[in-house]
Amino acid sequence: MKSWWLPIIFVFFLSCRSENKDVNSIKLAHSLSVNHPVHEAMVHMADLVEKKSEGKLKVEIYPSSQLGSEKQCLELLQIGSLGMTKVSAAVMENFSPDLKVLGYPYIFRDNAHRFKIYDSSIGKKLLSGSEQFWLKGLTYFDAGNRSFYTKDTPINKPEDLQGLKIRVMQSPTAIEMVKQFGGSPTPISWAELYTSLQQGVVDGAENNLPSFYTSKHYEVCKYFSLNEHSSIPDILVIGTITWNKLNPQEKEWLMEAVQEATVLQRKLWKKAEREALSEIKKAGVHVSYPDKSLFEKKTEPMLQSLKEKDGHLYEMVEEIKKVQ
């Protein structure tokens, strides 16, 4: 039987390509929900790119793990099947080892100190460290401070984590940190975490307030402890295969949009934190404010071990702490 419709589709396909031959489109995939402040900032970036380029360059966004987990998206970037993604700096440790430094607990004094590091020569050097693995960091998006949340047990001191299975990212630093607190670190993808919490695969997790709220993990976990053990940023990444295909003008449009979106995202994040805290309390989540020094003291062996095993990374930690 002859497929009479195939030539029509082929002609239609060619006509579409012809009409859009001057339009370059970049696919951007990530794991966050559409009401997350990082997603909102990326939508703003995409709008700016289209506006600045007068439609010649576009960014198509695929949220909510539509195209895979963070690790899978990075792998797609490396082979050029995907253009851009947003991942946690902790996940990027596997491609740029020096990024581990940003995951060490209690290395930032406050938010102003964090932003100063992100925007400094230290931050820019860390962003470029993954290019040898075909991944180019473009900017840091604020991901706030990470804290513990659990289903049945409030976490007011490190000892409260004893025997609890805590979801962590695929990060050696995060895994070691939870071990130091006495918990049992369990790497699980973000997309699978809600179900894992429901089914008791893990007893809790650690993340920032907006992610806890937008993921609806508050429906399962009724205890949130603001111990703020680490402040790991998100990183907007483009595959070097995609980057190298852009002409100088397209790179300029993209980077201008990225920089403007970064400024907006930090404002959106502050607002999102306030709203998330208010909403989870309304939903019946018990929020506690433990003594952070108790947790910080427990992580001191991590730095001592780092000093012995990786002098280079230890010096970076010390350098970050000294920045005023």
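1. A definition to start with: a residue counts as buried when its relative accessible area is under 20%, as exposed when it is over 50%, and as partly exposed in between. By that rule, aspartate 142 and arginine 114 are both buried. Their side chains meet in a salt bridge, with 2.8 Å from N to O. The pair links distant parts of the chain, since aspartate 142 sits in the loop between β4 and β5 while arginine 114 belongs to helix α5, 28 residues apart. Please keep in mind throughout that this is a predicted model.

2. Now the overall layout. On the domain 1 side 39 residues take part in the contact, and on the domain 2 side 43 residues do.

3. What does the contact between the domains consist of? Domain 1 and domain 2 bury about 3,500 Å² between them, and 67% of that is on carbon and sulfur atoms. In domain 1, the residues that lose the most area to domain 2 are Tyr104, Tyr106 and Ile280, which together make up 25% of what that side buries.

4. Most residues other than glycine have a negative phi. With a relative accessible area of 14%, tyrosine 106 is buried.

5. One of the sheets is open and has five strands in the order β2-β1-β3-β10-β4, with mixed pairing. Strands β2 and β4 (135-141) stand at its edges with a single partner each, so one side of each has no neighbour in the sheet. From one strand to the next, the twist averages 25°. Within this sheet, β1 (24-29) and β3 (84-88) pair in the parallel sense over two bridges, and leucine 28 stands opposite methionine 84 in β3.

6. Helix α3 lies across β1, β3, β4 and β10 (234-239), running at about 140° to β3. Glutamine 78 is part of this helix and is buried, at a relative accessible area of 18%. Which residues does glutamine 78 touch, leaving aside its neighbours within four places in sequence? The contacts are Phe95, Phe133, Trp134, Leu135 and Ile241.

7. Glutamate 70 forms a salt bridge with lysine 86, with the closest N and O atoms 3.0 Å apart. Because glutamate 70 lies in helix α3 and lysine 86 in strand β3, the pair ties together parts that are 16 residues apart in sequence. Glutamate 70 is buried at 15% relative accessibility, and lysine 86 is buried at 3%.

8. Another open sheet has six strands in the order β7-β6-β8-β5-β9-β11, again with mixed pairing. Here β7 (184-187) and β11 (286-288) are the edge strands; each has a single partner, so one side of each is left without a neighbour in the sheet. Neighbouring strands are turned by 30° against each other on average, direction ignored. Strands β6 (165-168) and β7 run parallel and are joined by four bridges; arginine 167 has threonine 186 in β7 as its bridge partner. Helix α7 (172-181) lies across β5, β6, β7, β8 and β9, at about 155° to β7.

9. The structure holds 15 salt bridges. One of them joins glutamate 228 to lysine 292, with 2.4 Å between the closest N and O atoms. Glutamate 228 lies in strand β9 and lysine 292 in helix α12 (292-298), so this pair ties together parts 64 residues apart in sequence. Glutamate 228 is partly exposed at 24%, as is lysine 292 at 33%. Salt bridges that share partners also join Lys52, Glu256 and Glu260 into one network.

How values were computed. Residues numbered from 1 in each chain as written. Predicted model: local features only at pLDDT ≥ 70, side-chain atom pairs only at ≥ 80, totals over all residues. Heavy atoms only, no water. Pairing = 2+ DSSP bridges. Axes fitted to C-alpha atoms, helices over the stretch in contact; angles between N-to-C directions. Contact = heavy atoms within 4.5 Å. Buried < 20%, exposed > 50% of the residue type's maximum accessible area, 1.4 Å probe, protein only. Buried area = accessible area lost by both parts, 1.4 Å probe. Salt bridge = Lys/Arg side-chain N within 4 Å of Asp/Glu carboxyl O.
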